[in-house]
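The following note is meant to be read alongside the structure. Please keep the model open and locate each residue as it is named.

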Amino acid sequence: MHELELTKKQIAMTKGIAILFMLLLHLFCNKAYEGLFQPWILIKGVPLIYYFALFGDCCVAIYCFCSGYGLMIGYQKNNEGYHKRNIIRLAKLYLNYWVIFVIFVIILGFIFNKVDFMLGNPKVVLLAFLGLDTEYYNGAWWFLTTYIFLVLLSPFLNRLTLKLPSGVVIGASVILYVLAYLQRFKGLLFFDVEVLDWAVSQLAYLGTSLFPFMVGAVFAKNRVYSQLAKVADRFPFKNVICLLVIGFMIVAHGMVQTLFVAPFTGIVFICVFNLLDKPTGMNEFFLFIAKHSTNLWLTHMFFYMVYFRKLVFMPKYPLFIYMWLVLLCLGASYVIQAIYVPLSQWADCYLKQKLKMKN
């Protein structure tokens, strides 16, 4: 039988698999595979791995749902200390990000003789260092700014979610999602003023991320997962049904190849993945990945796109390439953690003391 609600471990595992989806998406969601890898199976000239990678486009939606869910749970348990906990959360994220920035932008920039590219524009460097405009160095870093905004807005969003009917919250989130999606991918509004153009871009990113974030908050508020788990545990072939649902979504998304469906497939996947009865070893693996998930997210593009492209694709076959990239990122993560963990522990103690928080 499942826990009544999603536990911290389940949320962590789900975030971990979201990051694994991200790596899969960025590596193989490309039909032009010639010169990069040798696919084992082709479907009408398209590598089979492409369709699995395409399904991975729900990675951001999964991460947003988990964040919305976890932040709502924390807010309900102790809303008085909520703001202070968020300050610590963001401070530690920035520390982690800055360690990676120094290693992968500055140090490796010098080593690989890309100093002009990496550090040639002081304005770009400063904005990236502050987490305000990060895509110049790493395309996957766009979500850093969005996540910061979501955390900062979460007290207001949580109060709104608890006050309003859930249907109104979800309905408004869907409308914002559609408008933001159109702005992000169709470019409805353009401004010649740089600050306004940046603001509109960030609002588009925020709007497309807000929908799954709010669904996560609504799930926590209404204990939706508890109700699903009680129903699912009555089925004798629950695992088979869950696997069939995932398989159906992969096939259906292969037929409807648009990022628009990502929040919907992501939300369903979260439920189905956690309803599955998984072996202990598999749970431990996903928990292990979860511990390194931030570093995998923030570093993987430097490996396969910026510095080590030939090295990453050296194994030739998709499965081996994927495993190799994960291993490379994990190796880097241990180096990052050796620097970050002591800084994080110091920051945690310092901020709690300054904010007068209890341990």
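1. Is Arg89 buried, partly exposed or exposed? With a relative accessible area of 34%, Arg89 is partly exposed, because the buried class ends under 20% and the exposed class begins over 50%. Please note that the model under review is predicted. Arg89 is found in helix 4. Leaving aside residues up to four places away in sequence, Arg89 touches Leu71 and Tyr147. Its C-alpha also lies 9.7 Å from that of Ile148, although Arg89 and Ile148 are 59 residues apart in sequence.

2. Arg85 also lies in helix 4. Its relative accessibility is 25%, and Arg85 therefore counts as partly exposed. The C-alpha atoms of Arg85 and Leu355 are 9.4 Å apart in space, while the two residues are 270 residues apart in sequence.

3. Helix 4 itself deserves a paragraph. Helix 4 covers residues 82-111, which is 30 residues. From its first C-alpha to its last, helix 4 reaches 42 Å, close to the 44 Å expected at 1.5 Å a residue. Helix 4 has a kink of about 25°, centred on Phe101. Asn113 follows helix 4 and has a positive phi, near 55°.

4. Helix 15 spans residues 318-354 and bends by about 35° at Gln337. Just after helix 15 comes Lys356, whose phi is positive, at about 55°.

5. How many aromatic pairs does a search of the whole structure find? The search finds 47 aromatic pairs. Among them is the pair of Phe55 and Phe269, which is edge-to-face, with 6.1 Å from centre to centre and 70° between the planes. Because Phe55 lies in helix 2 (residues 48-55) and Phe269 in helix 12 (residues 262-275), this pair ties together parts that are 214 residues apart in sequence. Phe55 and Phe269 are both buried.

6. Tyr75 and Tyr82 form another pair: their ring centres are 5.1 Å apart and their planes stand at 90°, so the pair is edge-to-face. Tyr75 is buried, with a relative accessible area of 8%. Tyr82 is buried too, with a relative accessible area of 3%.

7. Two charged side chains lie over rings. Arg184 lies over the face of Trp142, at 4.7 Å from the ring centre. Lys278 lies over the face of Phe273, at 4.4 Å from the ring centre.

8. Which residues have the most contacts inside the largest nonpolar core? They are Leu27, Phe28, Phe104, Trp141, Phe269 and Val312, in a core of 112 residues. Helix 1 (residues 8-28) gives the most to this core, with 13 residues. Phe269 touches Ile17, Phe21, Phe55, Ile62, Ile246 and Met249, not counting residues up to four places away in sequence.

9. With residues up to four places away in sequence not counted, Thr161 touches Met72, Val169, Met214, Ala217, Val218 and Lys221.

Technical notes
Residues numbered from 1 in each chain as written. Predicted model: local features only at pLDDT ≥ 70, side-chain atom pairs only at ≥ 80, totals over all residues. Heavy atoms only, no water. Bend = angle between axes of the 7 residues up to and from the residue. Helix = DSSP H or I, 4+ residues; strand = E, 2+ residues; numbered from the N terminus. Expected span 1.5 Å × (residues − 1). Phe/Tyr/Trp six-rings, centres within 6.5 Å; stacked < 30°, edge-to-face > 60°. Buried < 20%, exposed > 50% of the residue type's maximum accessible area, 1.4 Å probe, protein only. Lys NZ or Arg CZ within 6 Å of the ring centre and 35° of its normal. Core = buried A, V, L, I, M, F, W, Y, C linked by side-chain atoms within 4.5 Å. Contact = heavy atoms within 4.5 Å.
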